[in-house]
Amino acid sequence: MVLNEMNGDGSEQEDSRCLESDVIAKGNILETFSESQEIQELINSLRSMHGDLSLRETALEKFKVILNNYQEQPHLLDPHLESMLNSLLLIIQDEASPCSLVHLTFQFLYIISKVRGYKTFLRMFPHEVVDVQPVLDMLESQNPKDHETWETRYMLLLWLSVTCLIPFDLARLDGNISSQEGCPRVPTMDRILKVAKSYLIVSDKARDAAAVLVSKFITRPDVKQKRMADFLDWTLSMLSKSSFQTMEGTIVMDGMLQALAQLFKHGKREDCLPYASTVLDCLDNCKLSESNQTLLRKLGVKLVQRLGLTFLKPKVAKWRYQRGFRSLAANLQFSASSPAVQEAINATAVKEEEEEEEYDIPGEVENVIEQLLIGLKDKDTIVRWSAAKGIGRLTGRLPKELADDVVGSVLDCFSFQETDNAWHGGCLALAELGRRGLLLPSRLSDVVPVILKGLSYDEKRGACSVGSNVRDSACYVCWAFARAYDPLELRPFVNQISSALVITAIFDRDINCRRAASAAFQENVGRQGTFPHGIDILTAADYFAVGSRANCFLNISVYIAGFPEYTQSMIDHLVNMKINHWDLVIRDLSTKALHNITPQAPEYMANEVLPKLLPLAIGTDLHTRHGAILACAEITHALSKLAEENKRSITSYLDEKALEGLKQIHVELCRRQLYRGLGGELMRPAVCALIEKLSLSKMPFRGDPIIAEWQSLINDSFKSLHLVSSNAKQQIKESAVAALAALCNEYYYIEEEGANPAQQDELVNQYISGLQSHEEMTRCGLSSALGALPRFLLKGKLQEVLDGLKGVTTISPQYVSFAESRKDGLKAISKVCLTVGVKGEGSPAEVVCRNNVTEIYNILLNGLNDYTTDSRGDVGVWVREAAMTSLMEMTLLLARTEPDLIDANVSKRIMCCVAQQSAEKIDRFRAHAGSVFLTLLYFDDPPIPHIPHREDLEKIFPRSEAVTLNWNAPSQAFPRITQLLSLPSYQYHVLTGLTVSVGGLTESTVRCSSQSLFSYLKGIQSNMDAMNIFCDTLLKVFEDNLLNDRVSVPLLKMLDQILANGCFDIFLTEENHPFPMKLLTLCKEESRRSKDIQKLRSSIAVFCGLIQFPGSMREKVLFQLLLLLCHPFPVIRKATASNVYEMLITYSDIAEPDIIEEVMTILSDTDWDAELPFLRKKRNYLCDLMKVPKPQLAAKST
């Protein structure tokens, strides 16, 4: 929108992302041209750097970047423009300057003109008589086809357009010399005209400058007499000969149209009028409206309006509406004054109107206006905008009656047979007319209803809609009207306009429309002073507040609905326009907004809105049906809350007909089979939400057959989850779970008895048996359903439920990929435990007790070992996250109720396993593990018992930093986590987690984790006992994860880094130390018969690192490396040769220098892609040189 200059890119910014500070930071915050000195130094250095292409490009880019910062505040450059220009012109006017330097200088000039605008910048160029000839000569010497120097030609043409304005006849510049060297001398006038014509048909930006030159040159008194007619003939002939179907024709037409538009803009009316009709006829014959070139259509509209202004006398219409005051203070004061003063002003205006001069309007004007009206409906905004400005300019020169006809024609754009383009163009035209005072108050009764429709214009197109540009421009109209009309004129329409603007500001889908409406509302509050509660609403719904869509729908709307003038119109808009919106998010937010607004008008909701929604809830349109069902649910729930607050029944608001209508929604949908197919993916969650809200509303349906039908729908939703699309699965499952919980609590509980035993058995057993389903999503749904059951339905069934859920959470070969069902199973176990509660000596069928707590913990702890991967990646992480959350909830529950049930061994396992997760590589889940770890550590109500090394942990993780520590950031998390390696209880698990991070792929994680690990190892270098314990733990991790690629491959990478960093140098003094010997054995075992390239490469690197340990170790390592030189994979052979070569350079004491040199020569010169028999001879020769046993070729077993 034109109004919305502050909108930035207009993109949707939701929730907390739309922060005021962020918006302000991007605005106009510069105070002065602070880089002026730097820019001057750049200009001064041009002479020295122009010969070096690299320096030249660097300087140009730097100049461009600095000046581009001032595009929004170009006026800050003004004090420095003259000095910059003079410095650059000195280079240009110096005859010794090479061409490359001149072109570079003109590039700098172009950047300045682009930022500041050529009209302002050109005024400072020298434009004396002496400047004409040099500039013209320089321009003639240019090559128009050189695409790298177009900036030079562009700036020279603009410069010439200034210098050619000298107040002398150009013939005086030619002197008396008739010829030069036998050739006739061309007059200056013809030279300039020839240059201008030649550049009007080029394909670069010089064409735009040539059009400016033509407009200034042809309108000179001496030139227009001699050359104007010929030039116009030439342009019209070029136009008629060119076609917009070809690229060359498009370029020529663009140049001609620009030249003509500029000429008719700057030329005097009496000079241009004789040619206007001819130009208009030629333009009609071009049929530009049929072109697909936006720029040509825009230039056509621009030229048409200039021709129209030429036909009409330049005068200000005396009939136009003039508002009395432009000062806000005076306006507000005047709006409260007596009508008599205003009537006197209006009477004066009428008298002037009667004295208006009458004159004939040329017939061509009708053609012009018709073309502009067609331009209002163009498919491109820039064309419509140009046409709207043309309509405004022309109407200002027409008599009142004809002007009123134009307004009537503009209003014809607002037919629902017209496209959104026509509506948008019509709004722009109305705003222009209103802004210029050409839309008389008598027409407001016709215009305002149209604008109100425009504010809610939203036309569905397939899966989306069009109309945001129409709503945006309608806001612009309201903004323009606020500035154009006296408050008395708009007073009859105030309530309609204010309500419409408020609705758009808070309920529009697009952020730019909401902000445009907010700005228009603000303008009306300030200029008109008559909007109800304007200041209060403006404070709540300002530019920044409306940036968040959820905030608008759920919070601001409630505040504004508190003002009676707006309540009903807001409700009606939501019901009529938003609950049937194509966007699911808008429908959802609208129904929640209706829920929040219901307390403001409960009677209206119950008596008017709900009866209107019930038929829509079983209608034919899918989106309307979906929104109506959700709206019925939300409004009913809101009414029940009100009834409860007033200690009344819900039936005091809803009559029997409404209750029956609510019941019939599911029955009717079921009868018409609307739960099937893609529509069913919307209907199921909607009706489940309805069931939930009606249950929470305590509807008097106990014992009604509808309850069984609702239960059937919920069960069917769980069992058919695998049939719906992946996008809808989660929503259907969550809606069904919420509906089940509310339904059971309200309709299955029997006073004093609890649950009906038969009903309980049927429901619980049905869900438990369904946990064995072969469909993963069915397992997910039924697990979540069991987790949502109320306590009275779980009574006596706890052990059966836990056994069923245990089966879901256990990894079996057949269902190893069912990670989501295991996740939901673990969550369900936690929810069930929280529901039934804890009683130490209770029954395992009733509560969490001493007899089942260990089993529950084992199920949850086993979830932390789920590292399942599939095509989606590490899906086991979902299970581990759920296991950690459930362990935390379970442990906190026991700590609050029965802390004695928390065994010391269990407490240790929980803390160690969570610590391992907090050392792993995925940032988000490491953060979750860290949060769980610190929550358990610092829980005080009462403290969790038996946490190992609690005092040390509190030193490593001070309570003051528990909230601020960012576990997501590897640089903050790993330095703390690695400190746990010094605590014996945590060392094994933390090292296992660190191994995956240090040997991972993410650069930041690898860097921070490895640096932290190396820092820890350097710190214990002098402590042999600590090093031995660490090495034993490292070997234990390796042994436990042998051939487990998830850990073993990163472990090999980590060992390579540790060996390369000299962290095991303490063992170098002892020959055949057991640690490196065991490490070598494990590495051999890990890499044996492996076909994993990554693993083999890492093993080679570890073998090379182990060569540093003295004794028989070296011979064994060399044997392994030489063995790998004849590996079946060429890539491994080459990697081994390369690594061994580098190893021999690093550890030169392995053999005699001459032997090492010969070995290195063989390694580097041998083609390791060659055949194996040849390579074995080379390898065996190396074995002899290094005194290593030759590997024997194993015989294949038959």
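**View 1. Overall dimensions of the predicted model.** The protein has a radius of gyration of 42 Å, whereas a compact globule of 1198 residues would have one near 33 Å (taken over C-alpha atoms, the globule rule being 2.2 Å times the number of residues to the power 0.38). Along its principal axes, the C-alpha trace spans about 110 × 100 × 60 Å. This is a predicted model, in which local features need pLDDT of at least 70 and side-chain atom pairs count only at pLDDT 80 or more, while totals for chains, interfaces and linings use all residues. Residues are numbered from 1 along each chain as its sequence is written, and side-chain values use heavy atoms, with hydrogens and water left out.

**View 2. Secondary structure and burial.** The protein has 58 helices and eight strands, which are DSSP runs numbered from the N terminus (helices being H or I of at least four residues, strands E of at least two). Of the 1198 residues, 55% count as buried, that is, under 20% relative accessible area with a 1.4 Å probe and protein chains only.

**View 3. Packing of helix H29 with helix H31.** Helix H29 (residues 549–561) and helix H31 (residues 584–597) pack at an angle of about 25°, their axes lying 9 Å apart (axes are lines fitted to C-alpha atoms over the stretch in contact, and angles run from 0 to 180 degrees between N-to-C directions). That angle makes H29 roughly parallel to H31, a term for angles under 35 degrees. The contact (heavy atoms within 4.5 Å) involves residues including Phe553 and Leu554 of H29 and Ile586 and Leu589 of H31.

Technical notes:
Angles under 35 degrees count as roughly parallel, over 145 as roughly antiparallel, 65 to 115 as roughly perpendicular and the rest as oblique. Buried means under 20% relative accessible area, exposed over 50%, partly exposed in between (1.4 Å probe, protein chains only).
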